Amino acid sequence: MHRLFLPAPLSGASADLNAQARRHVRALRLREGDEVAAFDGEGGQWRARLLPGDRLELLDFDPVERELGRAVELAVGMPANERMDWLVEKATELGARALAPLMCARGVLRLEGERAQRRLAHWHGVAVAACEQCGRNRVPELREVAGLQAWLRALPAPAGQARCLLAAPRGDAAAARPVARWAAALRPGQPVLALSGPEGGLDEAEIDAALRAGFEPVSLGPRTLRAETAPLALLAALAALAESDAPPA
């Protein structure tokens, strides 16, 4: 069954299709009377039927959840060009609860003001499309674009109740705990906040600031991973290790 995202809270007997959903319906060549799964990003999905006039009849609600057993937020030094789109798409598929796009000393991408807001809106669309494809009913939150140092200063001390990790600092795998050993110490359902750098990695000042903020270094192995690969490798490892955990409230 094809899936449609509608951002307004879905309730009652029917709902209007927004512009993005209308485009999706036309691209799929769906017709009046066809059934779809509709979701609003807040959990669960509706079995729905297409009506005339770009409307949906909401038939019955299914509270199904397909989230990870723990909330994982990725804070990433933004890679350039289409690689950030790819990172958002795959992080959504793998179950990230939120993504924080960061500007770092060695990063190429610089976003501020209206340009940052346009990119956030674009990445939200990428995340929505990934949810439609992979079956998630909760759209990951995209934080405001921020400089890494300012973002670290704004974090609670320690960062809420989350366990904070830093992916392979200084390229020294020997100085960091393997991610599987680190994850074994997590409490069931404990949130994770994971930080990784841009192309070229974090610089010394940024690494030191992250360690002072309570981030723990972890190793992703002896290979050097690209900026868009490292956070996804980390997320995939956490997702596999969280399979037996109960879904977060």
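**Notebook: strands, core and helix contact**

I began with Leu50 and found that its bridge partner in strand E5 is Leu56. I worked on a predicted model, in which local features need pLDDT of at least 70 and side-chain atom pairs count only at pLDDT 80 or more, while totals for chains, interfaces and linings use all residues. Residues are numbered from 1 along each chain as its sequence is written, and side-chain values use heavy atoms, with hydrogens and water left out.

**Strands**

I took helices (H or I, at least four residues) and strands (E, at least two) as DSSP runs, numbered from the N terminus. Two strands pair if DSSP finds at least two bridges between them. Strand E4 (residues 45–51) runs antiparallel to E5 and is joined to it by 7 bridges. I noted that E4 and E5 form a hairpin with 3 residues between them, and that Gly53 in the turn has a positive phi of about 75 degrees. I then looked up strand E2 (residues 14–16), which pairs with E5 (residues 55–62) in the antiparallel sense over 3 bridges. Ser14 stands opposite Glu57 in E5.

Buried means under 20% relative accessible area, exposed over 50%, partly exposed in between (1.4 Å probe, protein chains only). This core has 42 residues, of which Trp123, Leu234 and Leu238 touch the most other members. Among the elements that each supply at least two of its residues are strand E6 (72–77), helix H2 (83–94), helix H3 (113–134) and helix H7 (230–241). The largest share, 7 residues, comes from H3.

I listed the contacts (heavy atoms within 4.5 Å) of Leu234. Leaving aside neighbours within four places in sequence, Leu234 is in contact with Leu165, Ala167, Val179, Ala194, Val218 and Leu220. Apart from this core lies another, of 18 residues, including Leu102 and Phe215.

**Helices H2 and H7**

I recorded that the axes of H2 and H7 come within 10 Å and cross at roughly 0 degrees. Axes are lines fitted to C-alpha atoms, for helices over the stretch in contact, and angles run from 0 to 180 degrees between N-to-C directions. H2 is therefore roughly parallel to H7, a term for angles under 35 degrees. The contact is made by Trp86, Leu87, Lys90, Ala91 and Leu94 of H2 and Pro231, Leu232, Leu235, Ala236 and Ala239 of H7.

**Ala80**

I placed Ala80 in the loop between E6 and H2. Ala80 counts as buried because its relative accessibility is 12%.

Notes. A nonpolar core is a set of buried Ala, Val, Leu, Ile, Met, Phe, Trp, Tyr and Cys residues joined through side-chain atoms within 4.5 Å. Angles under 35 degrees count as roughly parallel, over 145 as roughly antiparallel, 65 to 115 as roughly perpendicular and the rest as oblique.
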